[in-house]
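Here is my note on the model, point by point. Please read it with the structure open.

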Amino acid sequence: MKHKKKLIIGGIIVIIIIVIIAIISLMTKSVSKTPFNTKGNISFSIDSNENISTLIDNLSNEGVINHSDLAKLDISMSGTKVRLTPGDYTIKGGVTLGQFLNILNEQNPNVIDVVIPEGYTVDQIATKLSKFGFGSQEEILKDIENYPLPQFIKKVNGKRYQLEGYLFPTTYKFTKGENINDIIQNMINMFVLGLNQSMKETGVKITPAQIETVVTKASIIQSEGKNFNDMKLISSVIDNRLKAGMPLQMDATVIYALGKHVDKVYDKDLKIDSPYNTYIHKGLPIGPICNPGEKAIEAALKSDNTNYLYYILNGNQKYFTNNYNDFLKEKSKIIK
């Protein structure tokens, strides 16, 4: 009889424990879904000695977070590791507890997202970096000019910037006050990764000695083309003109030679004496005219197989041909 009573009491205790655990689980789930008592923005600071527990307590003391003990319990039960970075934060109050923890792990107020668009020149990159506080444009350009060249980049006298073409365009996460040389190295590293990926995509492998030629060609393609299909066609025109011993006559090279952006290239511009001007110098220019993206590099590595020698790209209008007279007729339509 006593044994039976013990079993009943033990069973009741187990049931009570299960019920308590279930209640706590439901409560923590509720807190996990809506930990904050506001849907507006929440601003707070994290000190160097702070941990997730003290942060939750501080937010609770400020009346921002609901049921701090349950929130901490939920974090503990989830096993989520949280890395806190000192600084000032602003987040939306409508996030879940899990989203809040992810933000704490990912958002570093000292990290800046810097977007370098495809086709940016060294001058444009220096201007953009200066706007984010990494130094004046002049200082950044000087650092770029003095940066030790990687082995695959051979110094060529007459080039405007030796690193033109090798500062890869993408979105970077730079730290406030980061050394400009570290930024340059990061961009060169990304170029190497981008080039390797382009070779993988096309199945075309090149030697270090061929990199300059490919990047120079890709920089023209990037400057002239608007999408990948056009880029591959432009690449074929470049190949065909080089094979035929014709000057490339690419307007983008003239614009780079001018050293400033112009919306229209005039006849007088075509005569500028520059190793970048492909109207007066046969072959590729002396070096890249911008920093091409991955697709432009792919197009440079593997062009479409065409017999095109001329093209017109004007807004949504595009025209490719191997007949000079047809090219002139189409061009006259656009000029009108």
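1. Which element gives the most to the lining of the largest pocket? Helix α12 does, with 6 residues.

2. A word on the basis. This is a predicted model, where local features need pLDDT of at least 70, side-chain atom pairs count only at pLDDT 80 or more, and totals for chains, interfaces and linings use all residues. Residues are numbered from 1 along each chain as its sequence is written, and side-chain values use heavy atoms, with hydrogens and water left out.

3. The largest pocket holds about 1800 Å³ of space. A pocket is an open set of points on a 1 Å grid over the protein atoms alone, where a 1.4 Å probe fits, with protein on both sides within 12 Å along at least five of seven lines; lining residues have an atom within 4 Å of a point. The volume is the space filled by probe spheres set on the points, which are joined across faces, edges and corners. Of the 46 lining residues, Glu 224, Asp 251, Ala 252, Ile 255 and Val 265 are the closest to the centre.

4. Salt bridges come to 6 (a side-chain nitrogen of Lys or Arg within 4 Å of a carboxyl oxygen of Asp or Glu). Lys 173 and Asp 113 form one of them, at 2.8 Å, N to O. Lys 173 lies in β4 and Asp 113 in β3, so the pair ties together parts that are 60 residues apart in sequence.

5. Lys 217 pairs with Asp 239 at 2.7 Å, linking α8 to α9. Lys 217 is buried at 8% relative accessibility, while Asp 239 is partly exposed at 21%. Buried means under 20% relative accessible area, exposed over 50%, and partly exposed in between (1.4 Å probe, protein chains only). Asp 230 pairs with Lys 318 at 2.8 Å. Asp 230 lies in α9 and Lys 318 in β6, 88 residues apart in sequence. Asp 230 is buried at 4%; Lys 318 is partly exposed at 45%.

6. The whole structure has 11 aromatic pairs. Rings of Phe, Tyr and Trp (its six-membered ring) pair if their centres lie within 6.5 Å; planes under 30 degrees apart count as stacked, over 60 as edge-to-face and the rest as tilted. Tyr 308 and Phe 320 have centres 5.6 Å apart and planes at 35°, so the pair is tilted.

Definitions and conventions:
Helix = DSSP H or I, 4+ residues; strand = E, 2+ residues; numbered from the N terminus.
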